[in-house]
Protein chains: 2
Amino acid sequence: MLSDFSDLSTFRTLLGAAHGPDAAANAAAQERNSQLTKPPRALGRLEDLAIWYGGWRGTGRPEILAPQVIVFAGNHGVTAQGVSAFPAEVTVQMVANFEHGGAAINQLARAAGAKMDVHALDLDRPTADFTQSPAMNDADCLAALQTGWRAVDENADLLVVGEMGIGNTTAAAAICAALYGGDVADWTGRGTGVDDAGLQVKTRVVAEGVALHTQTPHDGIDILARLGGREVAAMAGAIAAARSRNIPVILDGFICCAAAACLQEISKGALDHTVAGHQSAEAAHSVLLQKLGKEPLLSLGLRLGEGSGGALAINILKSAVACHSGMATFAEAGVSDS
Amino acid sequence: MLSDFSDLSTFRTLLGAAHGPDAAANAAAQERNSQLTKPPRALGRLEDLAIWYGGWRGTGRPEILAPQVIVFAGNHGVTAQGVSAFPAEVTVQMVANFEHGGAAINQLARAAGAKMDVHALDLDRPTADFTQSPAMNDADCLAALQTGWRAVDENADLLVVGEMGIGNTTAAAAICAALYGGDVADWTGRGTGVDDAGLQVKTRVVAEGVALHTQTPHDGIDILARLGGREVAAMAGAIAAARSRNIPVILDGFICCAAAACLQEISKGALDHTVAGHQSAEAAHSVLLQKLGKEPLLSLGLRLGEGSGGALAINILKSAVACHSGMATFAEAGVSDS
């Protein structure tokens with residue numbers, strides 16, 4: 001069992017201390033790729049994905065056998081401000097839907113051959129309204145990070161984290177505005193579908209939260225606590241756990257990437273084990289992906305959350321690894337290589 | 001068994017006579033989609049794909065159980081002109097690689113849960129060099145179309161067609177230039193990787209072929225015969241068979257789309273049952289997709305052929321259909337829908 005953490009400063013230290021990919025495995029994967037029966041670079045990004053995956057897994061000929069999808073759910077006090085098109089009860093209703101197998105993420109995880117777990121975090125105890133006080137105190141944030149960290153299977157070889165939480169695109173917009181600055185309106189989108197009036201309210205609420213919580217010194221974890229939510233912190237904890245255990249992660253949409261951004265603010269290499277699964281239709285997601293330096297694998301107009309875009313991309317990575325490890329070399333197949 | 005054809009003019013007639021999707025099934029799929037536990041449009045293009053697929057399969061709640069990938073191989077007399085980075089022997093060597101399971105398409109078909117078939121068309125009898133005479137006479141073109149038509153499984157519910165044929169991006173470029181006009185250089189790319197000198201030769205060869213074979217009246221099938229190849233015609237035959245049997249098709253890259261373009265030239269709705277699986281790195285493919293009015297599902301820099309980009313997209317379509325048919329409705333899940 002890898003070291004856990006019992007306070008936020010230990011979590012910060014763990015983030016910076018994680019090892020990188022295995023250089024020898026990376027080189028072996030690169031060498032193998034150059035011998036496969038195809039013209040050089042003919043599999044495009046699939047080649048890069050397989051080599052990257054092999055490096056993190058410590059082998060030149062990797063397999064993906066145990067992908068895990070984890071959906072975290074949390075409730076947000078800021079919904080009292082009228083920032084969402086759906087009522088807050090929907091969070092708990094959707095958790096039941098996940099547990100009964102009826103949501104999009106259930107179908108997508110199954111189609112990807114992934115195990116799916118659901119963690120509901122204190123749904124009857126919403127975070128505080130961040131226009132009034134920090135969404136979470138340090139103890140609440142720590143507990144959520146630990147939930148995420150511990151939710152990652154010991155034997156998982158690929159991870160997708162998703163979320164459900166009415167109001168959480170508001171939290172994600174506030175996190176991004178606090179981390180990166182810029183016009184708050186550029187970070188604030190329609191989420192599940194607020195109308196023009198709702199969008200105005202949402203933008204004002206985000207601006208108030210950012211103004212209130214960036215007056216005092218802060219780093220990515222402070223921002224996560226003050227403006228995020230339990231499910232957002234849990235995603236960050238799970239992504240960090242995967243980094244510690246060399247488990248590659250496929251990032252989902254805007255909220256997942258906002259959680260990830262808090263980690264990168266603490267440690268520059270904290271997301272080296274991640275790829276962007278997709279570009280969401282939530283407008284700010286493409287800007288956020290640029291900030292993270294990630295090019296999405298898919299861009300199909302999804303804006304659902306739940307981990308849906310990340311799960312949809314699992315089969316792309318599986319296919320890349322299947323080509324890399326399953327194809328014959330020129331020598332094995334007796335094919336002329338020029 | 002659906003009607004076959006014994007001459008090219010019957011084939012032309014069959015193309016125009018095929019039925020469209022089932023309007024009632026389409027409406028039922030649209031209605032179901034509106035009730036699923038997600039915000040409206042939150043699954044983006046996945047929603048459109050599932051509804052489209054349901055319409056073609058005649059049901060509001062479709063499944064994908066029997067996808068088929070067919071790889072056709074042919075040899076091209078035009079390789080004598082030095083248009084490819086690889087020698088013509090590679091075609092037959094790669095067919096052996098397909099048969100032994102060592103090629104990229106074998107891994108991709110398996111990862112997509114698809115059956116894979118390989119049809120080598122008279123590899124020891126290359127088509128004629130189209131700078132000298134038509135690549136195929138009518139009898140050869142008919143035989144190749146029939147091979148493709150008959151290769152489609154009776155019970156397939158999704159089709160990808162791919163190809164192997166050293167020299168066939170030259171044929172595809174010539175087809176496109178003949179069908180759509182424009183600067184021949186804009187249709188001519190590096191294929192498996194010719195250098196600058198090779199690209200110059202290839203462009204001149206394409207220009208000569210187009211000039212020679214567009215002097216007399218011609219339609220899409222004439223162009224297919226005069227400038228295409230056996231595997232290109234077989235792909236066209238298979239796509240047409242799928243149209244007749246309401247089997248949706250995921251188009252692959254430049255060569256597959258050039259084959260498809262010949263059908264569309266004959267009958268405007270000939271490709272209504274197709275989606276573009278990906279945008280290839282072969283530069284002219286994006287232009288060709290625009291001509292066909294198709295937006296690609298993936299754009300990952302692949303330029304391999306074999307059906308690789310189409311096969312990679314099978315899991316996208318499967319995931320779309322799995323969400324559509326497997327998700328709970330708001331009523332079933334007891335989730336508030338606003």
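Begin by selecting A:Asn246, which counts as partly exposed because its relative accessibility is 21%; here buried means under 20% relative accessible area, exposed means over 50%, and partly exposed lies in between, with a 1.4 Å probe and protein chains only. A:Asn246 sits in the loop between helix 11 (230-244) and strand 4 (249-251) of chain A, where helices (H or I, at least four residues) and strands (E, at least two) are DSSP runs numbered from the N terminus. Its phi is near 55 degrees, a positive value in a residue other than glycine. Most residues other than glycine have a negative phi.

Before going further, note that this is a predicted model, in which local features need pLDDT of at least 70 and side-chain atom pairs count only at pLDDT 80 or more, while totals for chains, interfaces and linings use all residues. Residues are numbered from 1 along each chain as its sequence is written, chains are lettered from A and ligands numbered from 1 in the order in which they are written, and side-chain values use heavy atoms, with hydrogens and water left out.

Next, select B:Arg41, in the loop between helix 2 (23-35) and helix 3 (45-57) of chain B. The phi of B:Arg41 is near 70 degrees, again a positive value in a residue other than glycine, and its relative accessible area of 40% makes B:Arg41 partly exposed.

Now return to chain A and select A:His278, in the loop between strand 5 (274-276) and helix 13 (284-292). Is A:His278 buried or exposed? With 4% relative accessibility, A:His278 counts as buried. Leaving aside neighbours within four places in sequence, A:His278 is in contact (heavy atoms within 4.5 Å) with residues including A:Leu251, A:Asp252, A:His285, A:Leu289 and A:Gly310.

Show the whole of chain A next, with its 15 helices and five strands. Its radius of gyration is 20 Å, close to the 20 Å that the globule rule gives for 338 residues, so chain A is as compact as a globular protein of that length; the radius is taken over C-alpha atoms, and the rule is 2.2 Å times the number of residues to the power 0.38. Along its principal axes the C-alpha trace spans about 70 × 40 × 40 Å, and buried residues make up 63% of the 338 residues in chain A.

A pocket is an open set of points on a 1 Å grid over the protein atoms alone, where a 1.4 Å probe fits and protein lies on both sides within 12 Å along at least five of seven lines; lining residues have an atom within 4 Å of a point. The largest pocket holds about 240 Å³ of space, and its lining includes A:Gln107, A:Arg110, B:Pro62 and B:Lys318. Helix 14 of chain B gives the most to this lining, with five residues.

Finally, turn to the second largest pocket, with a volume of about 190 Å³. Of its 13 lining residues, A:Leu298, A:Ser299, B:Leu297, B:Leu298 and B:Ser299 lie nearest its centre.

Note on methods:
Grid points are joined across faces, edges and corners, and a volume is the space filled by probe spheres set on the points.
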